[in-house]
Amino acid sequence: MEQIIREIPKAELHLHIEGTLEPEMMFSLAQRNNIKLPFKDPEAVRKAYEFTNLQSFLDIYYQGANVLCTEQDFYDLTWAYLERVHADNVCHVEIFFDPQTHTDRGIPFQVAIQGIYSALQDGEKKLGISFKLIPCFLRHLSEESAFNTLEQALPYRDWISAFGLDSGEAGNPPEKFARVFQKVREEGFLTVSHAGEEGPADYIWQALNLVDVKRIDHGVRCVEDAELVAFLREKQIPLTVCPLSNIKLCVFKKMQDHNLKQLLEQGLCVTINSDDPAYFGGYMVDNFLAAQKALDLTAKDIIQLAKNSIHASFIDANKKKQYLTAIEAFA
Ligand code: ADE
Ligand code: ZN
């Protein structure tokens with residue numbers, strides 16, 4: 001099973017690049033940029049990663065992102081991630097980044113996107129990993145700040161496939177950004193949104209009806225609304241589920257309680273992703289393995305999950321066909 005999970009071609013569709021900042025890199029970038037960290041060493045950083053909910057994680061995560069200052073920093077971060085998931089046989093990635101986390105501390109939008117995009121281009125050339133890039137609006141900030149971020153992104157429209165919505169969910173419904181996402185769609189981009197991670201099923205409805213999302217990020221609380229589950233199945237709206245993240249942030253008490261298998265059995269287009277691997281204890285294969293062991297996923301389930309990751313991606317039909325053929329051949 002471990003070999004199947006490792007070797008099967010797969011796409012990662014829910015990955016915050018800032019969440020791939022390993023403690024060792026946090027220290028080396030802090031040194032490079034003359035930033036003092038409130039930790040003695042990388043081990044102390046790891047010890048601090050005991051989260052009780054989404055907000056307790058976000059507080060530490062935004063603090064960690066402060067070491068990212070130059071284009072080279074963003075390049076190095078992204079390149080390290082690509083090399084890591086290459087070893088997991090990830091063939092395609094769709095990467096989130098949070099522009100406001102950087103622009104709000106004086107790092108220009110351009111610095112972040114240039115560094116990330118250059119590394120993604122090199123990843124395609126040198127590692128054969130195709131990619132899409134998805135800036136996310138921070139939902140705890142204002143609509144005005146999101147509009148402002150969209151303006152800054154427009155000169156880079158050719159590098160961007162979709163816009164997303166992330167950060168603290170409770171009290172920040174998709175509804176708050178309906179007008180921003182309307183403009184996003186008018187500009188020709190796709191939309192995705194975190195919903196139903198900590199927030200209620202109603203936020204998933206809002207993401208569908210007011211943001212017109214093509215995927216729901218997390219979405220595990222959809223089970224609280226049978227009509228919603230039926231809708232997600234009928235329309236095959238993908239859920240980008242992140243098993244280790246959900247356990248680390250106490251969305252489920254333990255992996256055995258996770259509803260991933262239940263959602264898969266109900267015919268939903270479920271995918272497995274790592275969210276913030278440096279903070280949650282693992283990359284793609286780690287997430288697959290943890291879910292497989294706890295939920296007794298079969299080889300057939302693993303193949304379905306890999307196929308779902310291609311179906312749910314934003315790559316063109318031809319390329320999808322190529323990847324699906326590769327998965328079939330492996331299967
Ligand atoms: N930003 C990074 N990881 C996130 C998550 N799991 N939920 C919301 N915002 C995030
Ligand atoms: Zn996320």
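1. In sequence, the residues that donate to the zinc ion (ligand 2) follow the spacing H-x1-H-x177-H-x80-D. The model is a predicted one, in which local features need pLDDT of at least 70 and side-chain atom pairs count only at pLDDT 80 or more, while totals for chains, interfaces and linings use all residues; side-chain values use heavy atoms, with hydrogens and water left out. Residues are numbered from 1 along each chain as its sequence is written, and chains are lettered from A and ligands numbered from 1 in the order in which they are written.

2. The zinc ion (ligand 2) is coordinated by His14 (NE2), His16 (NE2), His194 (NE2) and Asp275 (OD), at 2.0 to 2.2 Å. Donors here are N, O and S atoms within 2.8 Å of the metal (3.2 Å for Na, K and Ca), and as water is not among the atoms, sites may look incomplete.

3. The arrangement of the 4 donor atoms around the zinc ion (ligand 2) is irregular because the angles they subtend run from 84 to 174 degrees. Four donors count as tetrahedral if all angles lie between 85 and 135 degrees; four count as square planar and six as octahedral if opposite donors are over 155 degrees apart and all others between 65 and 115; anything else is irregular.

4. The unreviewed UniProt entry carries the annotation "domain: Adenosine deaminase" over residues 9–328. Across residues 9–328 the chain is 50% helix and 14% strand, and the end C-alpha atoms lie 10 Å apart; helices (H or I, at least four residues) and strands (E, at least two) are DSSP runs, numbered from the N terminus.

5. His16 and His194, which are among the zinc donors, also belong, with Leu54, Phe57 and Leu58, to the residues nearest the centre of the largest cavity, whose lining has 16 residues. Helix 4 (residues 54–64) gives the most to the lining of this largest cavity, with 5 residues.

6. Helix 4 likewise gives the most to the lining of the second largest cavity, with 3 residues. The second largest cavity is lined by Met26, Leu37, Phe39, Val45, Tyr49, Ile60, Gln63 and Gly64.

How values were computed. UniProt positions renumbered as here; feature names shortened; annotations may be inferred. 1 Å grid on protein atoms, 1.4 Å probe; cavity = no way out; pocket = protein on both sides within 12 Å on 5 of 7 lines; lining within 4 Å.
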